[in-house]
Amino acid sequence: MSEPGFIHDCGFYASDTEFRTLLLGHLEPALAGGAPIILAYSDHRTAQIRRWLPDTAAVTYFGGRKLYASPARTIAAYRRMFTERAEATRIYIAGDVPHEGNGGTFAGWDRYEAAVNTAWDDFPVHGLCLYDAVTSSARVRDVVERTHPHTRRPSGARLPNPGYTEPAAYRALAPAPDALTTTEPLVTLSDPRPHEARRVVAALVADRLTPGTAEDLLIGVSEAVTNANHHGRLPIVLRLWTGHDRVLVQVSDRGPGPSDPLAGLVRPAGRAGLWLVHQLDLDVDLFNDQEGFTVRLRCYT
Amino acid sequence: MSRRVSGVVENCRDLGIQNHLCWCYTEPGEFRARAVEYLADGVLAGERVIYVAAGDPEVLAGTLRTSPVLARALDSGRALVSDVTAAYSAGAVVDPRAQVDAYAALTAQALDDGCTGLRVAAEVTSLVRTRPQQEAFATYEHLVDQYMARHPFGAMCAYDRTVLGDEVIAELACLHPAASRGATGFWLCGTGRPGCAAAVGGDVDRTDPDRWRRALARADLHPVIGDEILLDAADLAFIDHHGLIALADLAFTRGAPVVLLDGPRSAARTIEILRIPLVTVGGIDV
């Protein structure tokens with residue numbers, strides 16, 4: 001039986017030595033055969049890895065975690081890089097997925113870890129997601145083991161994860177609530193049409209956001225309201241809050257939301273609106289509660 | 001060339017020549033009052049004016065005589081009336097090109113007679129009651145707008161909302177650069193901007209994606225110069241990805257890329273992210 005397109009392994013390290021052992025074990029076939037390698041870590045970690053690996057053009061480094069801007073954009077960026085390396089029989093990647101233990105927020109990235117199992121399956125890629133066993137919470141570790149078919153051990157063993165969940169069945173973590181939503185919104189619109197929503201939001205954010213950020217927010221608001229009108233259930237409510245460092249817009253309807261738990265992360269053949277929203281320079285969260293489905297868009301001043 | 005008024009208009013006053021207004025009404029008396037205002041402005045600007053509506057010419061003239069300016073113009077021949085039902089039998093379908101040619105001839109005549117142009121207020125509900133009538137008239141509206149954008153001719157096209165309904169009104173209104181409130185969210189119309197095949201304005205979004213595609217088809221857009229279809233998009237507030245994909249389909253069909261001149265940055269951003277082919281935003285620093 002031939003290897004699947006995308007192989008998705010995880011690993012947990014408790015020391016730099018274990019990290020090095022796991023990473024080099026993963027990259028060993030690539031280094032031996034000259035296969036392309038893509039590594040995305042913090043600047044500090046990248047400098048460390050550079051000392052361990054030979055200086056070769058086959059390795060592409062992304063320092064400063066800039067490759068991990070948002071889950072959907074990261075998926076798309078990797079896809080572009082895979083396409084550029086189409087001649088390779090296998091591409092090896094490793095990166096530091098954001099979570100609370102490394103200064104990030106894991107909610108959202110859990111959907112990423114689930115989605116890539118199918119999103120990249122048309123490429124011959126072997127990925128290893130290494131998590132710090134000390135700083136990763138039990139919740140993060142549980143999700144990691146449910147979204148990766150195999151775990152690599154520092155011993156060299158590669159063991160199946162019995163709790164692995166197929167992406168289509170994965171239930172995403174609820175995003176952390178934003179404290180702004182406990183305050184009175186600056187504006188509330190009932191059953192807005194897309195152009196009404198754009199007009200109101202544009203007027204309210206014009207002096208708070210840079211033009212580029214404001215345009216991204218308007219595109220996001222427009223798509224969210226359009227989707228609510230076409231796929232959701234009335235009533236639709238748009239709420240906008242402003243904080244000292246951010247603007248938050250929530251578009252809610254009474255429907256169940258997209259049936260695909262990974263909606264927006266992978267570009268579909270047809271309706272691209274939700275994927276477009278996820279590619280913007282915004283924090284995008286989708287969640288369901290007793291009231292229905294909500295798209296949350298946040299951008300920073 | 002005068003600047004054409006575009007977007008939502010709240011009344012029919014102070015519209016110079018070359019403007020093309022879609023006025024939707026629910027009260028006939030309100031329409032007549034607007035038409036009188038509109039035509040009286042034309043007479044004061046030295047134009048020949050024609051009032052086109054259904055009814056006995058004497059009755060139509062009586063409407064104009066409520067304005068002293070128009071009463072004098074009727075007496076001098078500067079104002080004319082025309083019974084639309086006399087020219088078109090019930091259910092008749094206009095010949096778009098012939099209709100434009102007729103107004104072009106009347107415009108030329110007005111200029112020959114020393115007028116500064118021709119202005120028409122036309123109540124044309126009876127010409128768009130059936131689907132075939134609407135199709136032909138929509139084509140006519142776009143053709144006449146193209147003519148209007150480049151010649152001293154202006155028109156106010158009035159439609160009875162209680163007879164036609166919002167959908168039919170919107171289908172026709174989007175082919176005018178200016179319309180009364182609530183008639184349409186976008187417009188695709190003629191333009192005097194050199195090199196441009198048409199002007200697009202307002203908001204193009206999924207509220208009415210089929211209407212946008214039908215408007216593009218009716219406009220029959222082709223390159224004016226060069227090998228690109230240039231659209232004057234200075235008044236385009238927003239176009240969503242559905243609207244841009246419709247433009248990409250048009251470009252593919254025509255074999256010519258589409259350029260939204262001075263279009264919104266958000267359109268450039270959407271094109272960039274979705275990698276929509278054959279459509280660009282030009283004239284801005286994107």
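The model is a predicted one, in which local features need pLDDT of at least 70 and side-chain atom pairs count only at pLDDT 80 or more, while totals for chains, interfaces and linings use all residues. Residues are numbered from 1 along each chain as its sequence is written, chains are lettered from A in the order in which they are written, and side-chain values use heavy atoms, with hydrogens and water left out.

Strand β2 (residues 37-40) of chain A runs parallel to strand β4 (residues 91-95) of chain A, and 4 bridges join them; strands here are DSSP runs of E with at least two residues, and helices are runs of H or I with at least four, and two strands pair if DSSP finds at least two bridges between them. Both strands belong to an open sheet of 7 strands in chain A, with the order β3-β2-β4-β5-β1-β6-β7 and mixed pairing. Its edge strands, β3 (59-62) and β7 (158-160) of chain A, each pair on one side only.

Turning to the interface, 23 residues of chain A are in contact (heavy atoms within 4.5 Å) with 15 residues of chain B. Across this interface the rule finds 4 salt bridges, each a side-chain nitrogen of Lys or Arg within 4 Å of a carboxyl oxygen of Asp or Glu. The side chains of A:R198 and B:D205 meet in a salt bridge, at 2.9 Å from N to O. On the side of chain A that touches chain B, the elements that give two or more residues are α6 (194-205), α7 (211-231) and α8 (273-279) of chain A, and α7(A) gives the most, with 9 residues.
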